Amino acid sequence: MASLLAPSPTWRRCILLIVCIFFMSVTAAKDSDLTRDEILALPAKKVKSLGDNYLMKKDYEKALDMFTIVIDKEPDNEKNYYKRVRVYEKMKNYKKALQDLNRALEINPEYTSALGLRGRLYMNLGQCNEAAKDYQAVLKIKPTHGDAKKQLPKALEGAKQVHFSILYSLLFVIYYLLILIMDLSIYYYRCQR
């Protein structure tokens, strides 16, 4: 009879989950009431946590603000720039994302997460040569990196296609310049008669 009244491990987990969710919502509500001065007074780790919460809630402006504060507090931590890159990526501000990735890689040139993400951004922007360089750098540091192994051939193929399209465009321009020169020479010859 006592076993029927005792909560099962599954029930215990459910109760624990409910309690955790309750405390997280209370903490989140309390954090959103903080003023800017109170946020600036918090340790970087707590501000980073606020930024993560805002990012999960898709409040990108507030997340961006939090990660900028964290960077101001810890400017030599490459992971802080990487966090802000994730926000810029969601906001589709790829130029700023690339600037932050470059800064993160200045701090730690072997930061494979930043190299891989920069490679992906370069691919999305059609800069396949740059993407290939980043994927090669990742594989040089970590030869078993699955994503870099998978993306490098695509980047190299894209770079080759870009070279061919540039060459084709150049040939196209030369062709029309030759036609223009021929037309001008014919016109000049007729005018001389």
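Here is a short chat about the predicted model shown above.

Q: How much of the chain is buried?
A: The protein chain has 193 residues, and 28% of them count as buried.

Q: Which residues in α7 are buried?
A: Ala-97, Leu-98, Asp-100, Leu-101, Ala-104 and Leu-105.

Q: Where do those buried residues sit when you look down the axis of α7?
A: They fall within an arc of 165°, so they line one face of the helix. The general idea is that an α-helix has 3.6 residues a turn, so residues three or four places apart point the same way.

Q: What do the buried residues of α7 pack against?
A: Two other helices: α6 (78-90) and α8 (112-124).

Q: Which residues are on the other side of α7?
A: Lys-95 and Glu-106 are there, and both are exposed.

Q: New topic: which residues make the nonpolar surface patch?
A: Val-173, Leu-177, Leu-180 and Leu-184 make that patch, which is about 360 Å².

Q: Where does Leu-177 lie?
A: Leu-177 is in helix α10, which runs over residues 146-192.

Q: How exposed is Leu-177?
A: Leu-177 has a relative accessible area of 45%. Exposed would need over 50% and buried under 20%, so Leu-177 is partly exposed.

Q: Okay, and Thr-68, which helix is that in?
A: Thr-68 is in helix α5, residues 60-73. Its relative accessibility is 25%, so Thr-68 counts as partly exposed too.

Q: How far is Thr-68 from Val-47?
A: In sequence, Thr-68 and Val-47 are 21 residues apart. In space, the C-alpha to C-alpha distance between Thr-68 and Val-47 is 9.7 Å.

Q: Last one: for contacts between residues at least 6 apart in sequence, what share joins residues at least 24 apart?
A: In the protein chain, 43% of those contacts do.

Technical notes. Residues are numbered from 1 along each chain as its sequence is written. This is a predicted model: local features need pLDDT of at least 70, side-chain atom pairs count only at pLDDT 80 or more; totals for chains, interfaces and linings use all residues. Side-chain values use heavy atoms; hydrogens and water are left out. Patches are made of residues with over 30% relative accessible area and no salt bridge: like charges are joined within 9 Å, nonpolar side chains (Val, Leu, Ile, Met, Phe, Trp, Tyr) within 5 Å. Accessible areas come from the Shrake-Rupley method with a 1.4 Å probe; for residues, only the protein chains shown count as cover. A salt bridge is a side-chain nitrogen of Lys or Arg within 4 Å of a carboxyl oxygen of Asp or Glu. Helices (H or I, at least four residues) and strands (E, at least two) are DSSP runs, numbered from the N terminus. Buried means under 20% relative accessible area, exposed over 50%, partly exposed in between (1.4 Å probe, protein chains only). The arc is that of the directions from the helix axis to the C-beta atoms. Contact means heavy atoms within 4.5 Å.
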